[in-house]
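Please read the following briefing alongside the sequence and the coordinates.

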Amino acid sequence: MEIRIDKLSKDIEQVTVLSDISLRIRSGEAHALVGSNGAGKTTFINCILGLYSQYSGKIEIDGIDIRSKMFEQSRKNIAFVLDTTGLFASLNAWDNIEFYDRLCNSNSTKAERKKRISSIFKIISLENRKYDSIAKFSKGMKQRLALGRTMVSNPQAIILDEPFQGLDVEGKILLSTYLKDLKQQGCTILLSSHDLSEIEKICDMVSFVKNGRIVLTKDVIKSENLEEIYQNTIMQGR
């Protein structure tokens with residue numbers, strides 16, 4: 001799925017959070033957003049996910065404006081992992097995954113669903129905690145569960161906001177491997193992260209966001225040192 005943003009601007013409580021952003025994320029590309037806290041990355045992602053509908057400019061996915069009724073069918077092919085995880089606190093781990101599985105695979109038999117969900121818990125290394133209340137989970141465990149939720153479908157695009165935050169080494173390896181596998185399958189990936197080392201492993205392109213604007217977009221492979229670019233682009237002039 002190709003994502004095109006044209007002159008996107010967004011105000012929140014009369015404060016300009018995003019200003020005149022234009023960006024193209026090609027189908028099958030892994031693209032990272034990098035910037036300091038408060039730069040506008042989460043607002044940018046929320047606009048693409050349709051969580052904000054009031055903004056100026058245009059967001060299109062596969063040539064369809066995301067605010068049009070025509071986009072509703074395409075929306076089902078987009079998975080997401082937000083910093084808030086989006087899990088249901090009242091459900092145990094298994095029921096959290098099963099809820100989304102029933103939405104995405106409504107025609108599955110009980111046996112098919114059980115096999116698929118059991119497999120997911122093995123992948124995210126939470127097999128021995130699958131019936132626990134998520135109130136007992138650490139932030140990293142919740143992140144893994146939120147990741148497992150996306151595995152019930154075969155997304156054509158996945159959008160992640162700070163997905164590595166709170167993950168231990170094992171969790172980072174699981175997430176990195178999963179995103180690499182998705183990319184090989186042609187899935188479009190958009191993520192925001194402060195973890196430059198993980199971005200270098202996964203992403204093709206990186207956009208540096210400062211004060212609500214994209215100030216630089218670079219090819220990750222051709223960029224020798226993302227940390228140095230970050231220092232020169234984001235930290236300079238503070």
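**Aromatic and helical packing, with strand pairing**

Arg-149 lies over the face of Phe-80, at 5.2 Å from the ring centre, where a charge counts as over a ring if NZ of Lys or CZ of Arg is within 6 Å of the ring centre and within 35 degrees of the ring normal. Arg-149 also lies over the face of Tyr-100, at 4.9 Å from that ring centre. This is a predicted model, in which local features need pLDDT of at least 70 and side-chain atom pairs count only at pLDDT 80 or more, while totals for chains, interfaces and linings use all residues. Residues are numbered from 1 along each chain as its sequence is written, and side-chain values use heavy atoms, with hydrogens and water left out.

**Aromatic pairs**

- The structure holds 5 aromatic pairs, a pair being rings of Phe, Tyr or Trp (its six-membered ring) whose centres lie within 6.5 Å, with planes under 30 degrees apart counted as stacked, over 60 as edge-to-face and the rest as tilted.
- The rings of Phe-88 and Phe-99 have centres 4.9 Å apart and planes at 70°, so this pair is edge-to-face.
- Because Phe-88 lies in the loop between β6 (78–81) and α3 whereas Phe-99 belongs to helix α3, the pair ties together parts that are 11 residues apart in sequence; helices (H or I, at least four residues) and strands (E, at least two) are DSSP runs, numbered from the N terminus.
- Phe-88 is partly exposed at a relative accessible area of 31%, and Phe-99 is partly exposed at 37%, given that buried means under 20% relative accessible area, exposed over 50% and partly exposed in between (1.4 Å probe, protein chains only).
- Trp-94 and Phe-121 form a stacked aromatic pair, with 5.8 Å centre to centre and 5° between the planes.
- This pair links distant parts of the chain, Trp-94 in helix α3 and Phe-121 in helix α4, 27 residues apart.
- Trp-94 counts as buried at 9% relative accessibility, and Phe-121 is buried with a relative accessible area of 0%.
- Phe-88, Phe-99 and Tyr-100 form one aromatic cluster.

**Helix α3**

- The 12 residues of helix α3 (residues 93–104) should span 16 Å at 1.5 Å a residue, which agrees with the 17 Å between its end C-alpha atoms; the expected span is 1.5 Å times one less than the number of residues.
- The buried residues of α3 are Ala-93, Trp-94, Asn-96, Ile-97, Glu-98, Tyr-100 and Asp-101, and they pack against α4 (110–123) and α5 (139–150).

**Strands**

- An open sheet of 4 strands has the order β2-β1-β4-β5 with antiparallel pairing, where two strands pair if DSSP finds at least two bridges between them.
- The edge strands of this sheet are β2 (15–25) and β5 (64–65), each of which pairs on one side only.
- Strand β3 (residues 30–34) is mostly covered, with 5 of its 5 residues buried: Ala-30, Ala-32 and Val-34 point one way, and His-31 and Leu-33 the other.
- Strands β3 and β8 run parallel and are joined by 4 bridges, with Leu-191 in β8 as the bridge partner of Ala-32.
- Another 4 bridges join β3 to strand β9 (residues 205–210), also in parallel, and here the bridge partner of Leu-33 is Ser-207.
- Thr-188 has its place in strand β8 (residues 188–192) and is buried, with a relative accessible area of 1%.
- Leaving aside neighbours within four places in sequence, Thr-188 is in contact (heavy atoms within 4.5 Å) with residues including Met-1, Ile-3, Ile-25 and Ile-158.
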